[in-house]
Amino acid sequence: MWFFARDPVRDFPFELIPEPPEGSPPGLWVLHRGRKKATGSAVSIFVYDVKPGAEEQTQVARAAFKRLKTLRHPNILAYIDGLETEKCLYIVTEAVTPLGTYLKARAEAGGLKEQELSWGLHQIVKALSFLVNDCNLIHNNVCMAAVFVDRAGEWKLGGLDYMCSAQGNGGGPPSKGIPELEQYDPPELADNSSRAVKEKWSADMWRLGCLIWEVFNGPLPRAAALRNPGKIPKSLVTHYCELVGANPKVRPNPARFLQNCRAPGGFMSHRFVETNLFLEEIQIKEPTEKQRFFQELSKSLDSFPEDFCRHKVLPQLLTAFEFGNAGAVVLTPLFKVGKFLSAEEYQQKIIPVVVKMFSSTDRAMRIRLLQQMEQFIQYLDEPTVNTQIFPHVVHGFLDTNPAIREQTVKSMLLLAPKLNEANLNVELMKHFARLQAKDDQGPIRCNTTVCLGKIGSYLSANTRHRVLTSAFSRATKDPFAPSRVAGVLGFAATHNLYSMNDCAHKILPVLCGLTVDPEKSVRDQAFKTLRSFLSKLESVSEDPTQLAEVEKDVHAASSPGTGGAAASWAGWAVTGVSSLTSKLIRAHPTPMPSETSVPQRAAPEGNPAPAPAPPPLATSGHWETQEEDKDTAEDSATADRWDDEDWGSLEVSHPDRKSLESDWSSWEAEGSWDQGWQEPSSVEPPPEGTRLTSEYNWGGTEPSDKGDPFAALSARPSTQPRPDPDSWSEDNWEGLEAESRQVKAELARKKREERRREMEAKRAEKKATKGPMKLGARKLD
């Protein structure tokens, strides 16, 4: 039976990448790029080929293999795996680049910052301190060829080929036999008399001085060049001179050298080094220290290297959130670092953490997520938004903290394009209705209106028809002036989503009422929007063929592409007003529309009452308000209320359009539009030349000869001449005011009388149902 020997190289879990080897530094080993066969993760593979007649070098290579395998330190090249055969030696380490190659590449891209060089040298000195002071070993090969850089920009000490014991056990250091490495040997090694008094670290510190010179000035041509510091920073020159001094006795211990450089104003005393040192010890830090560190970290990230942020800061942030209970403080630096990631890396590393954060009950976490949503929303897909994020976000609409409610409303601007039919047209609209009708904070009601106007193009045609007109009409009755302005601007921003019939019957009546608003800003916007709608109606009236083009978006499906059309119409409300929301909430909270004393137009359950006459302008430029009857105001609040829970009830179902057009119906005296303006006999006739509303045909259906689309609105032409616009003087307005006041007073008197009769009937009904009164009972009547 034959047995075949297995090939250990073929069974090795790592493989070399078939490409030319990297620019390997001088030495015994050749550096190759490699990868793990199972996962494809990148590694570095050092290869030494065993050659006949080179037994001494082979022994040095095997010793280096053993040293690297047993030494573990954050600043020493990390050993992963290895393979030793009769023909070659393989050492697998973390993926690294030789320092010389790294500096050359960075120089072509603009060079390294001083803070990066100082931290790199800090790591090499710390590794030497570990070898000398803790392991009692001499590296004996500190130079550019022995330093490597990982993907995070961390410097690692390698080149352990010629390491020896500081106590002299096992003989002296092995001979190098490589001229490129021997030029870094200190001058005292040439003195064979052993008269030079030195410390165990003296030779390595001389070589460290050579490394510092090469980092700032390039390759060392000869030892005499060390006398000229060249480009070495001034803060480091003094300590550098101690390293390359002729007397080995005065060369500092690596630990003391670090201490000197870390002194205030020293070469290694700055924010970047402090951040790295904290990250290395973060596991043993107190929670309060971690919180303070993460709060200050975001300020410094802009000045830190990109590779450092991606590969060192980001893993620490993710670990702190997962296992350290760091909370919301990690969000700001986390999203800052996320800008350096590719879309694929962001999906793998950041998004799972974000999704988990949204399920947190920590209010600070939730409000930070909402405030910074624009930084990660583009990486979220629609299924994730609808199933894992939106169900948690909507809880913010019901939160007792006004700041969270406000941020939740504003976040809908970003989430709306990714919401499905049910979440956008049903669930979100219910919450918006409740906020606009019941929220006690004026800025939040205002921002709800603004947000609805901006996402209107994403709604379905049926939802737009049911919601937009009713929502903006309610906003125009809000006691908070910016909310009324937002309602007007909402009509303007979504003007292409209304039919001509809705413009004439539903929108213009609401806007006309705002032309006498107490706030001038509301009046100005109302006039501008009125002119816009009237111009649109007039253009269609002149050319009926434009009707199809004007109404093309009315029944169209939701179109995300047009969402940007309203991007600037009321941005002030989300930014300017909401930035003051917290101050407004703390200083003077705005009462609910139903609880405020600001007068509103009445729309009672029964016959609609006439509107009060337009008040004259005050000297201050504001419109004076008038107190209305208490019972009429209560009925108005009930009739005008936007359904809190069911948006379906927003559709106009009353035959007289009472639920939505009650504002415009106040220009009637009694009944519907068909009855015209009823004049009481006690009222004087209007001035000559004034055309009464009763003279118009409000309900005719006679078709127009030209196919006018407004034939259903006003078909019969008037027989009387059109009044001269110049005839509307102050006297005309005073006559209308007197008439309106009398009609209103009469209606209020009738309503009180009607209520009195209803109350008497109810009392009589209760008395009849209770039966005979008991003895001693008080007689009600």
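The legends below describe close-up views of a predicted model. Local features need pLDDT of at least 70 and side-chain atom pairs count only at pLDDT 80 or more, while totals for chains, interfaces and linings use all residues. Residues are numbered from 1 along each chain as its sequence is written, and side-chain values use heavy atoms, with hydrogens and water left out.

View A. Strands are DSSP runs of E with at least two residues, and helices are runs of H or I with at least four, numbered from the N terminus. Two strands pair if DSSP finds at least two bridges between them. β1 (residues 14-16) and β2 (residues 30-36) run antiparallel and are joined by three bridges; Phe14 is opposite Lys36 of β2. Six bridges link β2 to β3 (residues 42-49), also in the antiparallel sense, and here Leu31 has Phe46 as its bridge partner. Five residues separate the strands of the β2 and β3 hairpin, in which Gly40 has a positive phi near 80 degrees.

**View B. Lys290 in helix α10.** Helix α10 spans residues 287-300 and includes Lys290. Leaving aside neighbours within four places in sequence, Lys290 is in contact (heavy atoms within 4.5 Å) with Phe278, Ile282 and Lys285.

**View C. Lys410 in helix α17.** Lys410 belongs to helix α17 (residues 402-415). Its relative accessible area is 22%, so Lys410 is partly exposed, the class between buried and exposed (over 50%). Gln371 is 39 residues from Lys410 along the chain, and their C-alpha atoms are 8.7 Å apart.

Note on methods
Buried < 20%, exposed > 50% of the residue type's maximum accessible area, 1.4 Å probe, protein only.
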